[in-house]
Amino acid sequence: MPLEKILKTLETEAERQVVEIDQAAQVEIERIRTQAWAEAEAVRQKRVAAIQAPLQAEQARIRNQAKLKALQTVMGTREALITSALEATARCLATLSTTQAYAGLLRQLAQEAIDTLGADGPLCLCVQSCSVELMNHIVQEMGLQATVEGGLENKASSQSCLGGIVVSTPNGGISLVNTLAARLQRVANLYRAQIAKIVFGDGQGS
């Protein structure tokens, strides 16, 4: 084979190999570039996640604090309104003993207490000093063996006496409190949620 043809063949083969190498290089470059982008994106996402995690935690903390503060405000307002409503009720009850309706109420309170304790023996009935005469009249009407004494207003401790009666055995061994103050307190404890619902009018008290 002539030398010129051999050289031409070698040149052609060299050019083919150069093309193949270039193509392979381009493929490898693209692979490396794609991998680099993927690794860079992974690093970016990790950094974003690392930054977002404490931010989300802080946001959650702020939201929880805001909710707690709002709840405390609502609860405090509700409690103040309930207390105000109960105080207003107590003021109304405080004037009840000066009305004609009080005689029937006092008789009912006495009957309830006596029905609970029993009327087999003599009893001691303690009422407000201003209601002793009325209570003596009620005792006669009911045909009771009972001693009536005043001073109930002096026995009130947690709040002013609103009227009512305390029935006990002569030796004081058994005593039943059926005063308006005690009944108001029981009602407040039993129906506080319902009172709050009425005050707010939106079901938030339950």
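These are my notebook entries on one protein chain, looked up in a predicted model.

**Entry 1: the overall layout**

I started with the whole chain. I found 6 helices and 4 strands, and from the N terminus on they run α-α-β-α-β-α-β-β-α-α. Of the 206 residues, 22% are buried. I then looked at the contacts with a separation of 6 or more, and 59% of them join residues 24 or more positions apart. The accessible surface comes to about 14300 Å², and carbon and sulfur atoms hold 58% of that.

Next I stopped at Ser97, which sits in the loop between helix 1 (3–94) and helix 2. Is Ser97 buried or exposed? Its relative accessible area is 18%, so with the cut-off for buried at under 20% Ser97 counts as buried. Leaving out residues up to four places away in sequence, I see Ser97 touching Tyr102 and Gln128. Tyr102 comes back in the next entry, as one of the buried residues of helix 2.

**Entry 2: helix 2**

I checked the length of helix 2 (residues 101–117) against its residue count. Its 17 residues should span 24 Å at 1.5 Å a residue, and the end C-alpha atoms are 25 Å apart, which agrees.

Then I listed its buried residues: Tyr102, Leu106, Leu109, Ala110, Ala113 and Ile114.

As for what the buried residues pack against, I wrote down strand 1 (123–126), helix 3 (132–142), strand 3 (164–168), strand 4 (175–179) and helix 5 (180–190). Just after helix 2, Gly118 has a positive phi of about 95°.

I moved on to strand 1. Leu123 and Leu125 point one way, Cys124 and Cys126 point the other way, and all of them are buried.

Which strands does strand 1 pair with? With strand 2 (residues 146–149) the pairing is parallel, over 4 bridges, and here Leu123 stands opposite Ala146. With strand 3 the pairing is antiparallel, over 3 bridges, and Val166 in strand 3 is the bridge partner of Cys126.

I also followed the path from strand 1 through helix 3 to strand 2, and the three make a right-handed β-α-β unit.

**Entry 3: helix 3**

That brought me to helix 3 itself. Its buried residues are Met135, Ile138, Val139 and Met142. They cover an arc of only 105° around the axis, which puts them on the same side of helix 3. The face turned away from this side carries Glu133 and Gln140, both exposed.

What covers the buried residues of helix 3? I found helix 2, strand 1, strand 2 and strand 3 among the elements that do. Gly143 follows helix 3, and its phi is positive, near 65°.

Technical notes
Residues numbered from 1 in each chain as written. Predicted model: local features only at pLDDT ≥ 70, side-chain atom pairs only at ≥ 80, totals over all residues. Heavy atoms only, no water. Helix = DSSP H or I, 4+ residues; strand = E, 2+ residues; numbered from the N terminus. Expected span 1.5 Å × (residues − 1). Buried < 20%, exposed > 50% of the residue type's maximum accessible area, 1.4 Å probe, protein only. Contact = heavy atoms within 4.5 Å. Pairing = 2+ DSSP bridges. Right-handed = clockwise from strand over helix to strand, strands pointing away. Areas by Shrake-Rupley, 256 points an atom, 1.4 Å probe, with all protein chains shown as cover. Arc of directions from axis to C-beta.
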